Amino acid sequence: METMKKKEPLVRIEKRSERTHNQIMRLRLLSVLLAIVAGGLFILFIGYNPFSVYGTIISGAFRSTMAFQATIKIMVPLLIPALGITLAFKMRFWNIGAEGQIIMGAIFATYFALFCWDFPHWLLMICMFLAGMVGGALWGLIPAFFKAKFNTNETLFTLMLNYIALYLISFLRDGPWQDPNSSGFPKIAKFGPAAQLDKILGVHAGWVIGLILVVLIYIYLKYTKQGYEISVVGESRATANYAGMNYKKIVLRTMALSGGICGIAGMVQASGSDLTLTTSVAGGVGFTAIIVAWLAQLNPVGILIVSFLFAVLEKGSTVMQSAHGLSVYSADVLQGIILFFVLGCEFFVRYKFVTRKKGGKA
């Protein structure tokens, strides 16, 4: 019987040998330039001047003190959850539940805002901060426990918990926490002055909390024993076990921290931006934070930079819509094009396409 020779595919994907730091930086710079060019072509095709539109995006984020403050306000809820996600992702624990952890942090903090309003402002802020952290940590510990105990799929588990947390807000809004003065439209009462986060330089203090967390998480990951353990577990669970590390303890501890930091973001949003608890308290930032963390290569300083650039793009896009009469969908398409190229760059950092030539040789 004649042996059938296996034919090589015309194109296949191969893992690339390690690139140098300079090569990676050049590739990322090229991806940004291509993103700008592709976005410019899209703008041109719909009948607008790309240079004018891009200029509006940049100026829209920096044109005045108020515009810059709005940009920082957009950056904060991206920055803090991205830092929290980084801890879990470093451990190769795919925490897709930042949305739920943000929401639970906001719910726990709101309890003190609604029922302990007579506390002194400084004491109430501390209670709300700690409550937000505890709420997020508990929501992060649930999937961590089942992962450590039963090796469940953390991606699906954390994702489903997002919806449970969201519906919990609806239950509280329509039931026990409904504002009696809502006049038939169910809502939760606005926080009193004592429960509102202080402003620093015209923006709520969440940006200061974010900067402090950047420094703390950078030190934690780079210079502490616990940070080293996270890296080892992320590289190989078998290696961690061989080195005598307690895998279950590391997973539980890290997810408590990851969820707790996301919970802080919920407290900041509820008391700094919304001044109440709503179903939009997370508003999708938990998912966007995953992109921010990944683009920054899970580096806390990089996350600060990337989240700021995201905020500039978001704020500038809203100004672009009003200045040029573009629909909200056009702005979303432009953002999507830019993200597509930047994220696509990461594929070519690690992999390459190999084509088959004559004779089946690569």
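Residues are numbered from 1 along each chain as its sequence is written, and side-chain values use heavy atoms, with hydrogens and water left out. Because the model is predicted, local features need pLDDT of at least 70 and side-chain atom pairs count only at pLDDT 80 or more, whereas totals for chains, interfaces and linings use all residues.

I begin with the overall picture. The protein has 13 helices and four strands; these are DSSP runs, helices being H or I of at least four residues and strands E of at least two, numbered from the N terminus. Its C-alpha atoms fill a box of roughly 85 × 60 × 40 Å along the principal axes. Of the 362 residues, 46% count as buried, where buried means under 20% relative accessible area, exposed over 50%, and partly exposed in between, with a 1.4 Å probe and protein chains only. Contact here means heavy atoms within 4.5 Å. Among contacts between residues at least 6 apart in sequence, 77% join residues at least 24 apart.

I turn next to the core. A nonpolar core is a set of buried Ala, Val, Leu, Ile, Met, Phe, Trp, Tyr and Cys residues joined through side-chain atoms within 4.5 Å. The largest one has 95 residues, and those with the most contacts inside it are Ile80, Leu83, Ile107, Met128, Val268, Leu277 and Ile303. Helix H3 supplies the largest share of this core, twelve residues.

What does Ile80 touch, once its neighbours within four places in sequence are left aside? Its partners are Gly206, Ile209, Gly210, Leu213, Ile261, Ala265 and Val268. Ile80 lies in helix H3 and counts as buried because its relative accessible area is 0%. From Ile80 to Val203 there are 123 residues in sequence and 15 Å in space, C-alpha to C-alpha. Ile107, for its part, touches Ala165, Leu168, Ile169, Leu172, Trp177 and Leu277, residues up to four places away in sequence not being counted.

Two helices deserve a closer look. The expected span of a helix is 1.5 Å times one less than its number of residues. H4 is mostly covered, with 14 of its 18 residues buried. For H6, residues 154-174, the 21 residues should span 30 Å, and the end C-alpha atoms are 31 Å apart, which agrees. The buried residues of H6 include Phe157, Leu161, Ala165, Ile169 and Leu172. Against which helices do the buried residues of H6 pack? They pack against H4, H5 and H11.

On the H5 side, Ile142 is found in the helix spanning residues 121-150. Ile142 touches Phe157 and Leu161, again without residues up to four places away in sequence. At 29% relative accessibility, Ile142 counts as partly exposed.

Now the pockets. On a 1 Å grid over the protein atoms alone, a pocket is an open set of points where a 1.4 Å probe fits, with protein on both sides within 12 Å along at least five of seven lines; lining residues have an atom within 4 Å of a point. Volume is the space filled by probe spheres set on the points, which are joined across faces, edges and corners.

The largest pocket holds about 1700 Å³ of space. Of its 45 lining residues, Arg28, Leu295, Ala296, Gln297 and Glu346 are the closest to its centre. Helices giving two or more residues to this lining include H1 (21-45), H12 (300-324) and H13 (328-350). The lining divides into 27 nonpolar, seven polar and eleven charged residues; Ala, Val, Leu, Ile, Met, Phe, Trp, Tyr, Cys and Pro count as nonpolar, Asp, Glu, Lys and Arg as charged, and the others, Gly among them, as polar.

The second largest pocket holds about 340 Å³. It is lined by 20 residues, of which Ile74, Leu78, Gly283, Val285 and Glu314 are the closest to its centre. Among the elements giving two or more residues to this lining are H3 (65-90) and H10 (247-274). By class, the lining has ten nonpolar, seven polar and three charged residues.

I close with backbone geometry. Most residues other than glycine have a negative phi. Leu201 has a positive phi near 55° and sits in the loop between strands S2 (199-200) and S3 (203-204). Leu298 also has a positive phi, of about 60°, and lies in the loop between H11 and H12. Is each of these two leucines buried or exposed? Leu201 is exposed, with a relative accessible area of 72%, whereas Leu298 counts as buried at 10%.
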